[in-house]
Structures are given as C-alpha cells and as structure tokens.
Amino acid sequence: MSAYAWKVIWSRKFFLYCMNKLSLDIIRTGVLIGAVSDVQGGKAMAVSKEEGRTGVNAASHPPVQTDEELELVKRYELLGIVMRILDHDIRVIGTASIKLPRLYESMLRGVQDRVLLDLSAIRRQFREIGIKVYEEKQEADGLSAQYMCRGYHHRFFMLWGFVKAESERVLKQYLSR
C-alpha cells in the first residue's frame with residue numbers, strides 16, 4: 001500500500017473520530033460545543049465559540065429551563081386571561097344600569113393599563129431571555145401553551161380551576177395597589 005493510501009485512510013479515521021467525539025459532546029451537553037469545519041493533513045480546525053442552535057452563548061445560558069422562566073410564562077398566560085376578564089367586565093358595566101358606570105369603568109381601565117404595562121415588560125424579558133410563545137389553546141379541561149425557550153420546546157398547562165383562582169389573586173393584587 002502506498003504512503004498516499006495510508007494518509008487517506010488515516011485522515012478518514014481521524015475525521016470519523018472527530019465527528020464521533022463531536023456528536024457525543026452534543027448528546028451529553030445538549031449544545032454544539034465545537035464543530036469540525038475542515039480536515040486537511042490530519043489537522044482538524046474547530047469552532048472556538050460555544051454556541052447552541054439559537055446563537056446564544058452556551059456558557060452564560062444553561063440549556064435547562066429555570067423556575068424563573070417558567071414563572072414568567074405562567075404570569076404571561078395569567079395576565080392574558082386577566083385582560084380578557086377586564087375587557088368583558090368593562091363591556092358589561094357599559095351596558096348595565098348602575099348609578100356610577102363611568103367611575104367603575106375608569107377604575108377597570110386603570111387596572112387594564114397596569115396589566116398591559118406588565119405584559120409589555122414580560123414580552124421584553126421574553127426577547128432578552130429567548131422565549132417565544134407560539135401556541136395558546138383553550139381546551140375543555142384547561143389552558144395550554146406551547147413555547148420555545150432558547151431553542152427547546154416546552155408545554156405549559158393549567159386547569160381551569162387553577163386559572164380562575166390565580167386570576168382572582170392577580171386581580172386582587174392589582175386592585176389593592
């Protein structure tokens with residue numbers, strides 16, 4: 001066998017070794033740690049920056065979803081329900097025969113403004129963290145949301161009884177301010 005044939009065989013083995021090591025790193029950590037970009041003469045050149053699929057630096061953001069991020073998605077979903085409740089109540093007060101409808105409507109609109117401000121702050125945090133809610137469904141037994149957090153898909157579900165209790169708690173917080 002010629003020297004050229006040995007070099008080709010060795011460089012193929014080295015390439016397969018590098019690809020195997022790379023795939024094990026991806027499986028173990030869940031992020032792309034380094035990718036072989038060129039194999040020439042038995043030397044592999046690797047990407048020096050640790051990046052996942054989202055382009056976010058993997059060293060500063062672990063691939064696992066944190067409790068704060070889950071609470072942020074929960075709060076976002078609850079505030080959406082609270083907005084629907086406030087819209088309904090404002091419409092009902094506008095058509096009801098009560099003595100001070102403008103006072104009650106203005107109070108509810110003030111609460112609605114504060115909820116909208118909080119929703120916009122949560123959306124800003126979503127952009128900074130890398131969260132995107134892409135599907136919300138109202139099912140027979142509860143409210144579900146599917147979202148992506150730094151490239152990983154998650155599903156969030158709340159029973160209607162829990163949604164009702166939590167939305168009442170959130171409304172009480174806004175009314176007590």
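**Exercise 1. The nonpolar core**

Task: In this predicted model, find how many residues the largest nonpolar core has, and which have the most contacts inside it.

Solution:
- Step 1. The largest nonpolar core has 29 residues.
- Step 2. Leu79, Leu86, Val115, Phe126 and Tyr147 have the most contacts inside it.
- Step 3. Two or more residues each come from H2, H3, strand S3 (131-138), S4, S5 and helix H4 (160-176).
- Step 4. H2 gives the most to this core: 11 residues.
- Step 5. Look at Val115. Leaving out residues up to four places away in sequence, Val115 touches Leu79, Val82, Met83, Leu86 and Tyr174.

**Exercise 2. A lysine in a helix**

Task: Decide whether Lys74 is buried or exposed.

Solution:
- Step 1. Locate Lys74: helix H2 (residues 67-95).
- Step 2. Its relative accessible area is 16%.
- Step 3. Buried means under 20%, so Lys74 is buried.
- Step 4. Now list the contacts. Neighbours within four places in sequence aside, Lys74 contacts Phe156, Met158, Phe162 and Glu166.

**Exercise 3. A loop residue**

Task: Find where Arg150 lies, and say whether Arg150 is buried or exposed.

Solution:
- Step 1. Arg150 sits in the loop between strand S4 (142-149) and strand S5 (152-159).
- Step 2. Check the backbone. Phi of Arg150 is near 50°, a positive value in a residue other than glycine.
- Step 3. Arg150 has a relative accessible area of 9%, so this residue counts as buried.

**Exercise 4. A surface patch**

Task: Name the residues that form a nonpolar patch on the surface.

Solution:
- Step 1. The patch is formed by Ile98, Leu100, Leu103, Tyr104 and Met107.
- Step 2. Together they have about 450 Å² of accessible area.
- Step 3. Take Tyr104, found in helix H3 (residues 101-129).
- Step 4. Tyr104 has 39% relative accessibility, so Tyr104 counts as partly exposed.

How values were computed: Residues numbered from 1 in each chain as written. Predicted model: local features only at pLDDT ≥ 70, side-chain atom pairs only at ≥ 80, totals over all residues. Heavy atoms only, no water. Patch = residues over 30% accessible without salt bridge, like charges linked within 9 Å, V, L, I, M, F, W, Y side chains within 5 Å. Areas by Shrake-Rupley, 256 points an atom, 1.4 Å probe, with all protein chains shown as cover. Salt bridge = Lys/Arg side-chain N within 4 Å of Asp/Glu carboxyl O. Helix = DSSP H or I, 4+ residues; strand = E, 2+ residues; numbered from the N terminus. Buried < 20%, exposed > 50% of the residue type's maximum accessible area, 1.4 Å probe, protein only. Contact = heavy atoms within 4.5 Å. Core = buried A, V, L, I, M, F, W, Y, C linked by side-chain atoms within 4.5 Å.
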